[in-house]
Structure formats: C-alpha cells, structure tokens
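Here are some notes to read alongside the structure. Please go through the points in order, with the model open.

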Amino acid sequence: MTAGVASILRYRAPRSRSDATAWLGMILFLGSWTMLFAALFAAYGVLRLRSPQWPPPDVPRLPILLPGANTLAMVASSVALQRALRFARRGRLPAVLPAISAAFVLGWIFLAGQVALWFNLWRAGLRPDGGPFPSVFYGLTVFHGLHVLVGLFGLGWLVTRAAKASFGPTRHVGLRLWCGYWHFVGVIWVLLYFTLFVL
Amino acid sequence: MHTIESEDLQPIHPEPTSFWLKYVFSRDHKVIAKQFLWAGLLFLFVGGTLAMMIRWQWAFPGKPVPVLGSVLLRDQGGAIGPATYMTVFTMHGLIMIFFAITPILIGAFGNYCIPLMIGARDMAFPTLNLLSFWTFVISLVLVICSFFGQLGAAGAGWTTYPPLSTNIGTPGSGQTFMVAAIFVTGVSTIMGGINYVTTVIRHRAPGMTYMRMPLTVWGLWLTAVLNVLFVPVLGSAALLLFLDRVFGTQFFIAGAAAVRGGGDPILFQHLFWIFGHPEVYILILPAWGIVGDILSFFSRKPANWYRGSVYAMCVVTILSAVVYGHHMFMTGMNPLLGQGFMLLTLIISVPAEILFLNWLRTMWQGSIRLHPPMLFAIGMVFVFGLGGLTGLYLGATATDIYLHDTMFVVGHFHLTMAAASFMGSLAAIYFWFPKMFGRRMSEPLGKIHFWWSAVFITLVFTGQLISGYAGQNRRLYNPYEYTFLKHLLPLNRWTSYSAFILMAGQLVFVWNFIHSLVAGARAEMNPWQVGTLEWSIASPPPHHNYDVIPTVLRGPHELADPLVREKLGRDWIGQDEPLLEQTPGTSAPAAAAGRG
C-alpha cells in the first residue's frame with residue numbers, strides 16, 4: 001500500500017455540528033452518571049472503613065476467577081466496539097458488523113457470568129439483608145448490571161443498524177455515543193472488580 | 001458561528017398537526033414549558049394546602065380542620081392526628097421543592113426562556129425534552145400513589161433522614177413511593193439539565209457571546225450545571241434508601257435492627273446534603289437571573305456591572321458545592337471541620353452581596369416603572385435580603401448550635417427558598433405571560449396580588465423566625481405541651497392567620513391567570529419595550545421561533561442609550577437590531593464599537 005492510500009485511509013471526516021452537539025450531551029450525561037457512581041463508591045468506602053472486618057468472617061467468600069473472566073469479557077467487548085467505530089470512521093465498512101456483533105455477544109457473556117455469580121452466592125447463603133457487606137455487593141453489582149442491560153439494548157440496536165449497512169465515515173454518531181456509554185460501564189465494572197473482589 | 005451554519009444546525013421542522021403530537025407528546029420547548037407550568041402550579045396549590053393544614057395545627061392544635069378536615073380526615077374526626085401531621089409536613093416540603101418550584105422555575109421558564117433568549121429554534125435534544133417531561137409525570141403519579149399508600153403518605157420529613165425513613169421508623173408503602181418519586185424526578189431533572197447546558201453551549205445565535213446572554217439565561221444555565229452534577233448524588237441516596245426499604249439491605253440501618261454491625265445513618269446525611277446545598281442554589285439562581293434582568297428592564301437602565309453579576313453567580317455556583325457541612329454541625333462533626341465549613345459558608349455572602357448591590361444600583365436613579373413583574377422582582381430582593389441575613393446566624397457555628405432545628409431554620413429557608421423563589425417565579429409569570437399566551441394579564445389585579453402576597457408572606461416567615469428564636473423546635477405536633485413554649489400560642493396563631501390570608505390572596509392570581517388566558521387583551525410583540533431576542537418575534541412565537549436566526553449585535557440591557565434615542569427615538573434597542581447603516585451580520589464589531 002502506498003503512502004498516499006495509507007494517508008487517505010487514516011483520514012477522518014470532520015464531525016458535523018449536530019454530531020458534536022450529540023457528543024457533548026453524552027459527555028454531560030456520563031459526567032452526571034460519574035457523580036452517581038462516585039457517590040455509590042463513597043457510600044461503599046464509608047461502610048467498609050467503619051466495619052471492624054471486611055468481609056465479615058461468617059459470610060461466603062467472593063470468588064475472584066469468575067468475575068475476573070467477566071472483567072476480561074467486558075474489556076474485550078469495549079475493545080471490539082472501539083474497533084467497530086474505528087472501522088466505520090476509516091470506511092472499512094464490511095468489518096463493522098462483525099466487530100459490533102462481537103461486542104454484543106461478549107456483553108451478553110458478561111451479563112450471563114454476572115447472573116451465574118449472583119446465583120452461586122445466593123445459594124451459598126449471601127442475602128441482601130445480611131448486613132452491609134452483601135448490601136454493598138448486591139446493590140452495586142446489580143445496579144451496574146442494569147446499566148449493562150441498557151447498554152445491550154443499545155448494542156442490539158447498533159447490530160440491526162450495522163446489518164442494514166447504515167454506518168460510514170461520516171455516519172456513525174449513534175455508534176460513537178453508545179461506544180462512550182459502553183466504555184463508561186466497562187470502567188465502572190473494572191473499578192468494582194478491583195475494589196470489591198480483589199482488594 | 002455564522003448564520004448559515006446555525007441555520008444548518010437548526011433546520012425548520014414543520015409543526016405537527018395531530019392533537020397528540022402538538023399538545024400532549026410535543027417536542028416543542030414552548031409546549032413542554034407550558035406543561036411544566038401547569039403541573040407546577042397544580043402542585044403548588046397542593047403544597048400550599050398542606051401548608052395551611054400545618055399552620056392550622058399550630059394555631060389550633062388537635063381541633064378539627066374546617067372544610068378540609070371533613071373531606072380528607074374523616075376517620076380522625078376532622079382533626080390532624082400525630083401520624084397524619086408527620087405526613088402533612090413531609091409531603092408539603094417534598095412537593096414544594098421537587099414538584100412545584102423546580103417545575104415552575106426550571107422546567108417551565110428554563111424550557112421557555114433558554115432557546116428563545118439565545119436565539120435558538122428549539123432545545124438541542126427535543127426528544128430528550130419530551131422524555132424529561134413524561135418522566136416527571138411518572139414521578140407525579142408516584143407522589144399521588146404515596147398519598148394513598150398503606151399507612152399513609154411519606155412521613156419522615158422532607159430530608160428523609162434514616163433511620164426514621166427506613167422501614168423501622170416509617171413503615172408502609174407511602175414513604176417508599178416518595179423515595180422512588182425523588183429518584184424518578186431526579187432522572188427527569190438530569191435530562192432537562194443536560195439539555196439546557198448543551199443548548200446554551202451549542203445553540204446560541206451568531207453574535208450571542210456568553211457576555212451578551214441575558215442574566216436569566218446565566219441563572220438557568222448555572223442551575224442546569226448544578227443539576228447535572230449534584231442531582232445524581234441525591235439519586236444515589238434515594239436509590240440506597242429504596243434498596244434498604246424494599247430489599248432489606250443495610251446501608252443506613254443501625255442500632256438494634258442492624259445485622260453484622262449495620263450501616264451508617266449519617267452517611268445518608270452526607271449524600272443528601274452534598275446534593276442538598278447545591279439544591280438551594282439550584283432553586284434560587286434562576287430567580288436571581290430573572291430578577292437581574294427585570295430590575296434592569298423596568299428601571300430603564302442597563303444592569304449595573306453585568307459582568308460582576310455573572311461572575312458572582314459563577315462563584316456562588318462553585319462555592320455551593322463545598323459548603324454542605326453547615327447542615328451537619330450537630331452530627332458530631334469535628335469542630336475544626338465545622339469551622340472550615342463555616343468559613344466557606346460565610347464567604348458566599350461576598351458574591352451574594354455583589355449581586356444584591358448590583359440590583360440596588362440598577363434601580364438607583366432609574367426611571368422605575370412599577371408594573372407587576374417589577375414589583376415582584378423588588379419583593380424578591382426584599383425577602384431574599386431577609387433570608388440571606390438570617391442565614392448568617394445559621395452558617396456561624398456559635399449561633400447555629402442554639403438555633404439548630406428550631407423554627408428559625410424554617411423561617412430562614414422559607415424566606416430564601418420559598419418566598420424568594422415564589423416572588424421570582426411570579427415575576428417571571430407576569431413578565432413572560434404575554435409572550436407565552438399572547439395575552440396581557442390584568443395590571444391592577446397583579447398589583448393587588450403583589451401587595452397582598454408581599455405583606456403576608458413576610459409576616460408568615462418572620463413569625464417563624466421569632467418563634468424559633470424563642471426556642472420553638474420545628475416539626476412539633478403540639479408545641480404547647482411544653483411549658484416553655486405555651487406563651488408562643490398567640491404568636492403562632494397570628495402567624496397562621498397571616499398564612500391563611502396569604503393563601504386566600506392567591507385566588508386573585510388564579511382568577512387573573514385564568515381570566516387573562518381566556519379574555520385578556522391581546523399582547524403585541526413587545527409589550528414591555530425591551531430588547532432581548534424573544535420580544536422581537538410574535539406573541540406567542542411560531543413553532544420554529546425565528547424565521548431567520550438572528551444575528552446578535554449587543555448585550556441584553558441596552559436601555560437609555562443616547563445614540564439610540566437620537567437615531568430611533570426610543571430608549572431601547574433589540575439585541576439583534578442594527579443601529580448604524582449596515583446589514584445584519586456583516587459588521588457587528590462596528591456596531592459594538594459604535595456604542596463604546
């Protein structure tokens with residue numbers, strides 16, 4: 001490939017003004033939701049700091065491997081969606097649908113893993129009314145799971161759009177917005193994983 | 001930004017023709033504004049009625065309530081029982097803050113004024129705007145459900161402190177519905193906030209620089225910023241409380257009901273006030289902005305030190321985020337931390353004074369025209385002054401320890417949040433009514449309404465200040481059970497009479513509003529003779545607001561300019577009106593230079 005073609009391939013079409021407006025709205029929404037999750041994490045921090053032992057000795061231990069695999073699925077899903085956006089921007093349109101579909105499937109794998117996690121821990125006797133530790137665990141992970149579910153509806157919509165080949169170098173604002181949301185949900189999960197399961 | 005680009009960004013959409021899309025599920029910011037206004041006024045009436053019931057209880061404790069008692073409280077013999085009393089003051093507070101002032105000042109006037117005053121055709125996200133209103137409607141339904149909840153409506157106070165607000169203190173679905181309503185209305189507010197912030201950043205007309213925006217838009221915009229940042233913190237508190245109530249989690253439960261150490265009730269207070277202190281500025285900033293504009297318009301003078309007012313509002317917005325601890329001086333907080341919060345709190349009085357002096361200097365030597373909007377704006381300055389000064393006593397730890405949780409606190413925050421926001425809302429309603437509905441409200445009735453309201457609203461809330469200073473705790477079911485408060489019965493009775501007269505006076509407004517809506521004189525394009533953009537188009541404006549997006553040449557308060565009087569023979573000039581020989585948009589800097 002000659003340098004000229006490569007530079008064309010790397011060319012990004014300038015964003016339209018309405019796309020930039022939509023992106024600003026998304027930034028504000030994510031900023032707002034950052035405050036929401038920051039408050040939830042702060043609540044978690046306060047409860048954890050004031051409890052004599054965390055986790056309490058008589059509750060089932062949280063696994064590390066299953067949510068670890070989940071974390072990988074979430075990160076992979078985010079990467080796949082970012083690749084899809086990149087393909088759309090650079091005009092590699094046939095690659096967009098597989099990438100979005102991969103992100104979609106990985107997202108469902110994550111959610112299935114979460115359901116398995118909740119199911120296992122419930123059976124092991126961890127109930128939401130068993131004190132602050134399970135409160136934090138179920139409260140934060142389920143609330144996050146609901147956000148993943150919303151994201152999966154968005155990704156499903158993106159899959160149908162991509163199947164109709166509606167994305168292109170200048171037409172990808174929906175993809176870009178959901179990409180931002182999906183990365184946000186992913187980052188929240190990574191923070192949750194490290195503070196709740198690893199630490 | 002050039003005119004062609006903004007036309008590109010905001011093409012004219014045809015007006016929907018079906019009834020449902022035009023009036024119910026409308027995406028038009030003007031229709032949504034009116035929907036918020038109607039909802040807000042309706043719930044203002046509900047909240048006001050609840051206030052009358054509280055005042056009745058304090059004037060005639062345990063006596064059957066006239067009229068309302070026989071309808072609403074039949075099972076209690078017409079009197080307000082202790083449990084019902086709890087729900088009455090709780091619902092009064094929550095409804096007034098989240099379902100009356102917020103929809104009127106922010107929902108209605110935010111929606112109405114922002115696009116029109118910055119020269120935009122609509123909000124940045126019209127569909128989000130539609131969703132914001134209908135999410136708000138869902139929260140209203142939840143509020144109504146709360147009234148019919150098992151064991152009565154919410155009863156843990158408007159601050160909803162646990163453990164009182166958990167299932168241990170307030171069982172029953174009424175409280176749960178209300179916690180859910182707060183979360184849902186928060187979502188609606190955030191949607192609106194995102195829309196307002198984006199619209200102001202992206203959809204200003206060419207030439208509408210930040211320093212040419214009307215103060216109203218500044219106030220509403222800063223409010224929207226605070227909403228976007230701090231309402232989600234309230235959302236988190238409501239969410240965790242909801243989980244505690246419905247799923248038995250233990251975020252806020254302590255004491256005997258706690259499992260494995262339990263949670264932390266004080267944590268809720270932190271989350272609540274991290275939101276709650278910005279919230280008081282959320283409710284007053286739009287009123288500040290509106291009053292700043294109206295005082296200038298009706299003094300026929302430019303607003304004094306416009307930039308100072310803008311900077312002061314920005315500084316207040318920032319400081320409002322770091323003073324929340326002054327609500328928690330009595331929670332066992334480290335005294336040093338308390339002093340830090342006290343210092344930051346008292347610093348807020350500096351920008352507040354700048355605003356206040358700017359308002360007074362705007363009126364100084366002006367040709368003041370005492371139309372109803374101006375009267376209400378002056379009234380707002382007066383009651384806000386009282387509220388601000390009494391705030392100093394509560395911001396300082398030494399006096400707060402004595403005054404904490406007394407009626408003094410109630411009087412203070414009613415003067416700022418209730419009286420000042422009420423006056424600001426009414427100034428806005430009287431001012432923009434001709435633009436919104438294309439008709440004039442009656443001036444004599446407006447003036448009667450003002451004097452009636454101003455006198456009695458001051459009496460009501462200063463009465464509360466005095467009884468609080470005498471030591472009466474807030475929220476007491478029957479204060480006169482305590483010997484040291486027995487002598488306050490006459491004072492409280494007179495305060496209650498003032499409140500009843502104040503409420504009765506609002507009938508003048510209701511009559512004026514509805515009668516003018518149907519049979520008021522037709523309003524011309526610019527009845528107040530002012531220059532902001534919304535007055536340069538028809539009343540009411542067409543669906544797309546501006547046939548051609550205006551090019552703004554000057555600030556919002558260009559009144560009494562000698563050059564304008566010489567050229568045009570009047571004391572005002574529109575923000576987009578060319579004065580010198582030029583075509584709009586080609587030599588705007590020359591016009592700006594022309595007026596120096």
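1. From the N terminus on, chain A runs α-α-α-α-α-α. The tally is 6 helices and 0 strands. Helices (H or I, at least four residues) and strands (E, at least two) are DSSP runs, numbered from the N terminus. This is a predicted model: local features need pLDDT of at least 70, side-chain atom pairs count only at pLDDT 80 or more, and totals for chains, interfaces and linings use all residues. Residues are numbered from 1 along each chain as its sequence is written, while chains are lettered from A and ligands numbered from 1 in the order in which they are written.

2. Next, the overall form of chain A. Its C-alpha atoms fill a box of roughly 65 × 30 × 30 Å, taken along the principal axes. Chain A has 199 residues, of which 36% count as buried. Buried means that 20 or more other C-beta atoms lie within 10 Å of the residue's own; exposed means 12 or fewer, and partly exposed is in between, with C-beta atoms placed from the backbone. Take the contacts in chain A between residues at least 6 apart in sequence: 82% of them join residues at least 24 apart. Two residues are in contact if their C-beta atoms, placed from the backbone, lie within 7 Å.

3. Look at helix H3 of chain A, residues 65–90. H3(A) has 26 residues and reaches 37 Å from its first C-alpha to its last, close to the expected 38 Å. That expected span is 1.5 Å times one less than the number of residues. After H3(A) comes A:Gly91, with a positive phi near 80°.

4. How do H3(A) and H6(A) pack, and at what angle? The angle is about 160°, and the axes are 10 Å apart. Axes are lines fitted to C-alpha atoms, for helices over the stretch in contact, and angles run from 0 to 180 degrees between N-to-C directions. H3(A) is therefore roughly antiparallel to H6(A). The cut-offs are under 35 degrees for roughly parallel, over 145 for roughly antiparallel and 65 to 115 for roughly perpendicular, with the rest oblique. The crossing of H3(A) and H6(A) is left-handed: the near helix is turned anticlockwise from the far one by less than a right angle, whereas clockwise would be right-handed.

5. Which residues make this contact? From H3(A) they include A:Met74, A:Leu81 and A:Leu85. From H6(A) they include A:Trp182, A:Trp189 and A:Phe197. By class, the contact of H3(A) with H6(A) has 14 nonpolar, 5 polar and 1 charged residues. Ala, Val, Leu, Ile, Met, Phe, Trp, Tyr, Cys and Pro count as nonpolar, Asp, Glu, Lys and Arg as charged, and the others, Gly among them, as polar.

6. Helix H5 of chain A, residues 132–163, holds A:Ala162. Is A:Ala162 buried or exposed? A:Ala162 counts as buried because it has 23 C-beta neighbours inside 10 Å. Leaving out residues up to four places away in sequence, A:Ala162 touches A:Val96, A:Leu97, A:Ile100 and A:Phe167.

7. Now the contact between the chains. It takes 34 residues from chain B and 30 residues from chain A. On the side of chain B that touches chain A, the elements giving two or more residues are H1(B), H7(B), H8(B) and H9(B). H8(B) gives the largest share, 10 residues. This side of chain B divides into 20 nonpolar, 9 polar and 5 charged residues.

8. Two cis peptide bonds deserve a look. One joins A:Trp54 and A:Pro55, with omega about -5°. A:Pro55 sits in the loop between H2 and H3 of chain A. Another runs from B:Pro162 to B:Pro163, with omega near 5°. B:Pro163 is in the loop between H6 and H7 of chain B.

9. Check two backbone angles in chain B. B:Val67 is not a glycine, yet its phi is positive, about 60°. B:Val67 lies in the loop between H3 and H4 of chain B, and counts as exposed, with 9 C-beta neighbours inside 10 Å. B:Arg300 also has a positive phi, near 50°. Its place is the loop between H9 and H10 of chain B. B:Arg300 is partly exposed, with 17 other C-beta atoms within 10 Å.
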